[in-house]
Amino acid sequence: MTDHEIFDVGDLALQRGGTLPGARLAYATYGTPGRDAILFPTWFAGTHEANEWLIGPGRALDTDRYFVIAPSLFGNGLSSSPSNTPPPFDRARFPQVTMVDNVEAQYRLVTEHLGIDRLALVVGASMGAGQSYQWAVGHPEMVERLAPITGSSHTSPHNQVFLEGLRAALTADSAYAGGDYADQPRAGLRAFSRVYAGWGLSQAFYWERVYERLGFATLEDFITGVWEANFAGWDANDLLAMMWTWQHADVGRTPGFDGDTAAALASIKARALLLPSRKDLYFPPEDEEWSARHIPDAELRVIPGIWGHLAGGGADPEAAAFVDAALRELLATG
């Protein structure tokens, strides 16, 4: 894994009450400090390495021009998580952490530790998109440009149902033991992975058997070789902690907006470019069209192709080129 650093946040007072004691925020940086800064938070079940497809010389987030910061989501196993927090807040007793809490810890990292008071861009995919929205609402004076990719400003009811299915599959394994397992609940993780496989990619992806072009002889090979393999190394409580954050995400819950998501979006000052994927099954373009209508002068561009939600992760060359070009154009604007 690419080297990362740890910012000691200290005792973090949480939006829903209580405290995350001794909170630790993992982050990686790319490029030279002092250049225009870009913040690129991680997504669900991802670390900073998953962001690197957009970072580097000659890429949209060009490290010859920008200083890129990739903070890790609480719960992802690098930042404070159920798997690395000591009792009494370990395992299933890990506190409920919101998007607001994540962004407030990142704000302290950026301003107090890195000495940055302006962000040329906040960009993120999936849960990273949710964090980018939260940045633009919570700290509008700092964010010049906003680019949420395959994500949303709030978790829709349909998306919450999807997450409930994942939660049920994972926790139904008797080995889960209410979160106090001695060994990972392997059957639950496999079931979780198989549920996810039907949502992360579109119907058309499977209809056209794209998995065969990726080198998998059968559908079963693809499910086990990609989806089960992807989640096999994750801690179950970490996944559930990140899911809780995702399920309760809504910029309308930012202090001062009293649950009014539309008003929160209307407060955004950043130049916003929203990048949903055409066949995303849980962050569909229609949801982002709604968000775009409430953000002043926002632009929406739909990522083409049939990769669904995974179009925002760099695996599909067509989608990756589209996102790269869109971000270059956004960064070139005054």
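This is a predicted model: local features need pLDDT of at least 70, side-chain atom pairs count only at pLDDT 80 or more; totals for chains, interfaces and linings use all residues.
**Entry 1**

Partly exposed means a relative accessible area between the buried cut-off, under 20%, and the exposed one, over 50%.

The pLDDT averages 97 over the protein, and 100% of the residues reach at least 70. I also looked at the elements: strand S5 (residues 121-125) has the highest mean pLDDT, 99, while H3 has the lowest, 97.

**Entry 1: salt bridges**

How many salt bridges does a search of the whole structure find? I got 16. One of them joins Asp36 to Arg118, with the closest N and O atoms 2.9 Å apart. Asp36 sits in strand S3 and Arg118 in the loop between H1 and S5, so this pair ties together parts that are 82 residues apart in sequence. Arg118 is partly exposed, at 34% relative accessible area. I then found that Asp36 and Arg118 belong to a network of salt bridges with Glu144 and Arg145.

Next I checked Arg93 and Asp90, whose side chains meet in a salt bridge at 3.4 Å, N to O. Is Asp90 buried or exposed? Asp90 counts as buried, with 12% relative accessibility, whereas Arg93 is partly exposed at 38%.

Most residues other than glycine have a negative phi, and most peptide bonds are trans. I went looking for exceptions.

Ala177, in the loop between H3 and H4, has a positive phi near 55°. Ala177 is partly exposed, with a relative accessible area of 45%.

Arg209 also turned up, with its phi near 55°. I found Arg209 in the loop between helix H5 (203-207) and helix H6 (210-213), partly exposed at 44% relative accessibility. Arg209 forms a salt bridge too: its partner is Glu212, with 3.5 Å between the closest N and O atoms. Glu212 is partly exposed, at 39%.

Which peptide bond did I note as cis? The one from Pro87 to Pro88, with omega near 10°. Pro88 is in the loop between strand S4 (66-71) and helix H1 (99-113).

**Entry 2: two helices together**

H3 (residues 157-171) packs against H4 (residues 186-200) at about 155°, with the axes 7 Å apart. Angles over 145 degrees count as roughly antiparallel, so that is how I describe H3 relative to H4. From H3, the contact includes Phe162 and Leu166; from H4, it includes Phe192 and Trp199. I sorted the residues of this contact into ten nonpolar, two polar and no charged.

Notes. Residues are numbered from 1 along each chain as its sequence is written. Side-chain values use heavy atoms; hydrogens and water are left out. Axes are lines fitted to C-alpha atoms, for helices over the stretch in contact, and angles run from 0 to 180 degrees between N-to-C directions. Helices (H or I, at least four residues) and strands (E, at least two) are DSSP runs, numbered from the N terminus. Angles under 35 degrees count as roughly parallel, over 145 as roughly antiparallel, 65 to 115 as roughly perpendicular and the rest as oblique. Contact means heavy atoms within 4.5 Å. Ala, Val, Leu, Ile, Met, Phe, Trp, Tyr, Cys and Pro count as nonpolar, Asp, Glu, Lys and Arg as charged, and the others, Gly among them, as polar. Buried means under 20% relative accessible area, exposed over 50%, partly exposed in between (1.4 Å probe, protein chains only). pLDDT is the predictor's confidence in each residue, from 0 to 100. A salt bridge is a side-chain nitrogen of Lys or Arg within 4 Å of a carboxyl oxygen of Asp or Glu.
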